[in-house]
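Dear colleague,

I am passing on the structure we talked about, and below it you will find some notes on what turned up when I went through it. Please read them with the structure open beside you.

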Amino acid sequence: MKKRCIGWSNTCEKGYPILKPTILDFTQEELETLFPPRFRAKQIYNWIYQQHVDTFDAMENLPKSLRRELADRYTISPLQIVQKQESSDGSIKYLFRLEDGHTVESVLLKMKEAEYDEEGELLHHAKYTVCVSSQVGCKVGCAFCLTAKGGFIRNLSVGEIVGQVLEIKKDNAIASNRRVNIVYMGMGEPLDNLDNLAKAIRVFANENGLSISPKRQTVSTSGISSKIKKLGEMELGVQLAISLHAVDDALRERLIPMNRAYNIASIIDAVKSFPVNTRKRVMFEYLVIKNVNDDIESAKKLIRLLEGIKSKVNLIYFNPYPGTTFERPEPERMRAFQEYLLKRGVLCTIRESKGIDISAACGQLREQELTT
Ligand code: SAH
Ligand code: SF4
């Protein structure tokens, strides 16, 4: 069946896997229905997401019989850490094994160090963002993306999405009241898993849980226009990032074959109807590839495309991997591209190559695991 099934977290005495669902799949409302009276659900949420317990037995204010029933029916975490790589900038990349043996990656990005004044008083805490995966593999098949190479395997469940953030918070002893940001920029196309994504966004946002407001969650998509519209209609309040990468359809089709079905105009149209928080902007990610899309003519066209949209452009260095013919652009070309936009009033940042020394482009850790 799968390429590799490296051990199971639950096995019966004959060694066969017991695949129990995870309790992280449920919203608080669902737990209220499953395990009345209603206040139990809030207690369970508190134990899992705020006390960070690893067993149901540790949920001391629940009746013993309920703790036993929960343990019989569910696991808490559906994923285990199999590999961890720390980068010099403090980012940590995780490879998680799922219950069925497949693996996905997540990255903890340290956006800002904690700062102290001269007396050693804390001025502000470190700021973290977790980059989560939404699928094992991906259907979209972008020419530059390592995740695409292994094809699509399956969608992640709600609990598998939620569990990545929970495990990373636990592993780094990030206090439960320290809120992190979430970007759905790991493996997979989040809008191809829209139902689970929407539910995960709600579970994350629950104030008795991780309390990560949708404003602090950014969904990155390769541009499935119809689903951008759907996501907008759900009025979840999440931020949107579009992986644009090219400004004309011919090139974009080469990079992202799906552009044939959802061309640039349709994406811009969907973005224009997307409800954006008044203080926020839609982010346009532009993966810069040497001699492919790093020319000023493209920057010019990009400005025209974004007219009338409250946007911010994020330029990303292409991160090479063995076997690819694409190359990383020259820093001067990157800066020239950025300056061209900035001078004409378009907000534009260059994504710091967080974790570049740990091969941060998603899919690379998993690839190593599968090929060694
Ligand atoms: N499927 C979604 C989200 C996951 S991909 C999407 O495409 O938006 C997240 C980001 O990783 C995308 O912006 C993609 O362009 C970027 N990415 C993929 N391969 C990369 C590489 N080799 N180097 C740098 N960024 C890469
Ligand atoms: Fe899928 Fe995003 Fe990779 Fe494209 S860049 S193949 S959409 S994960």
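A polar contact, as the term is used here, is a pair of N or O atoms within 3.5 Å, of which, within protein, one must be able to donate a hydrogen and the other to accept it. Please bear in mind throughout that this is a predicted model.

By that definition, the side chain of Q28 makes a polar contact with the side chain of N206, at 2.9 Å. Q28 belongs to helix α1, which covers residues 28-34, and Q28 counts as buried because its relative accessible area, 8%, falls under the 20% cut-off. Beyond its neighbours within four places in sequence, Q28 is in contact with A41, K42, Y45, N206 and N208.

Q43, for its part, sits in helix α2 (residues 39-50), and Q43 is also buried, with a relative accessible area of 17%. When neighbours within four places in sequence are left aside, Q43 touches N61 and L62. Q28 and Q43 lie 15 residues apart along the chain, and 9.8 Å separates their C-alpha atoms.

Turning to the strands, ten of them form an open sheet with mixed pairing, in the order β1-β2-β3-β6-β9-β10-β11-β12-β13-β14. At the edges stand β1 (79-86) and β14 (348-350), each of which has a single partner strand, so that one side of each is left without a neighbour in the sheet. From one strand to the next, the twist averages 20°. Within this sheet, β3 (residues 103-112) and β6 (residues 127-131) run antiparallel and are joined by five bridges, and K112 has K127 in β6 as its bridge partner.

Technical notes. Residues numbered from 1 in each chain as written. Chains lettered and ligands numbered in written order. Predicted model: local features only at pLDDT ≥ 70, side-chain atom pairs only at ≥ 80, totals over all residues. Heavy atoms only, no water. Pairing = 2+ DSSP bridges. Helix = DSSP H or I, 4+ residues; strand = E, 2+ residues; numbered from the N terminus. Axes fitted to C-alpha atoms, helices over the stretch in contact; angles between N-to-C directions. Buried < 20%, exposed > 50% of the residue type's maximum accessible area, 1.4 Å probe, protein only. Contact = heavy atoms within 4.5 Å.
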